Amino acid sequence: MRNVTLETLYVHPIVQKYVGRSGMAHAVSVAEKAFEIARESGVNPDLAAKAGLLHDIGHYEWYQDGEWDYQLYRENDIHAIKGAARAHKLLVRCGENLQNAKAIALAVLLHTDSYLPEGELQLTPLQKVVALADEADEEPGGNHHYRQIDYDSALRRIQILDTKINEYIESPRFEQTS
């Protein structure tokens with residue numbers, strides 16, 4: 001049983017505001033990719049899809065002279081830190097299981113290494129899935145953040161993904177993991 005659906009998150013004003021400004025088309029695509037990778041990897045696809053949808057919820061708009069400055073973003077961005085906190089707060093308020101909310105927030109935190117010092121991290125399977133899904137949807141120069149999708153088209157894709165998650169979770173082959 002899922003406490004919070006993707007649709008519940010998608011329609012929430014916080015998601016519309018913060019995910020919308022960082023690229024809803026990208027977020028929906030990453031959620032879909034995370035679901036597929038999770039299913040193939042034996043990772044909980046519900047948690048993966050939620051983290052995929054929310055992975056860029058912490059983006060700050062890096063502009064210089066009225067233009068998006070991708071280099072300034074790459075040098076100074078810590079969106080994953082802000083995003084993990086924002087995602088966790090949202091998930092808890094929406095009624096997500098507290099352990100799942102933490103796992104999703106940590107996957108948001110570790111979906112990118114753009115702000116981390118040099119070194120190796122030991123990522124959990126869920127964290128790896130979200131990072132791979134994000135990488136699979138990236139375009140040079142951050143162009144993936146500029147792809148457009150209208151509200152209704154995104155909502156339909158989210159509803160389809162919710163149905164796939166429900167079917168997978170209810171199937172005998174699903175074993176609760178993160």
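Gln-127 touches Leu-106, Ala-107, Leu-110 and Gln-122 when residues up to four places away in sequence are not counted, a contact being heavy atoms within 4.5 Å. The model is predicted, so local features need pLDDT of at least 70 and side-chain atom pairs count only at pLDDT 80 or more, whereas totals for chains, interfaces and linings use all residues. Residues are numbered from 1 along each chain as its sequence is written, and side-chain values use heavy atoms, with hydrogens and water left out.

**Gln-127**

- Gln-127 has its place in helix α7, where helices (H or I, at least four residues) and strands (E, at least two) are DSSP runs numbered from the N terminus.
- The residue Gln-127 is buried, with a relative accessible area of 6%; buried stands for under 20% relative accessible area, exposed for over 50% and partly exposed for what lies in between, with a 1.4 Å probe and protein chains only.
- From C-alpha to C-alpha, Gln-127 and Ala-105 are 9.7 Å apart in space, and they are 22 residues apart in sequence.

**Overall architecture**

- The protein chain has 8 helices and 2 strands, and from the N terminus on its elements run α-α-α-β-β-α-α-α-α-α.
- Of the 178 residues in the protein chain, 48% are buried.
- Among contacts in the protein chain with a separation of 6 or more, 74% are accounted for by residues 24 or more positions apart.
- The protein chain exposes about 9300 Å², of which carbon and sulfur atoms supply 49%; the areas come from the Shrake-Rupley method with a 1.4 Å probe, and for residues only the protein chains shown count as cover.

- Leaving aside neighbours within four places in sequence, Leu-53 is in contact with Leu-6, Leu-9, Tyr-10, Val-19, Ala-27, Val-28, Ala-31 and Ile-158.

**Aromatic rings**

- The count comes to 1 aromatic pair, under a rule by which rings of Phe, Tyr and Trp (its six-membered ring) pair if their centres lie within 6.5 Å, with planes under 30 degrees apart counted as stacked, over 60 as edge-to-face and the rest as tilted.
- The pair is tilted because the rings of Tyr-10 and Tyr-151 have their planes at 40°, with their centres 5.1 Å apart.
- Tyr-10 lies in helix α1 (residues 6-11) and Tyr-151 in helix α8 (residues 151-170), so the pair ties together parts that are 141 residues apart in sequence.
- Tyr-10 is buried, with a relative accessible area of 1%, whereas Tyr-151 is partly exposed, with a relative accessible area of 39%.
- Arg-86 lies over the face of Tyr-18, at 3.5 Å from the ring centre; a charge sits over a ring if NZ of Lys or CZ of Arg is within 6 Å of the ring centre and within 35 degrees of the ring normal.

- In the loop between α2 and α3 lies Asn-44, which is buried, with a relative accessible area of 2%, and a polar atom of the Asn-44 side chain lies 3.2 Å from the backbone nitrogen of Leu-47.
- Ser-171, in the segment after α8, is buried, with a relative accessible area of 14%, and the side chain of Ser-171 reaches the backbone oxygen of Tyr-168 at 2.6 Å.

Terms used
Polar contact = N/O pair within 3.5 Å; in protein donor to acceptor, adjacent residues only side chain to side chain.
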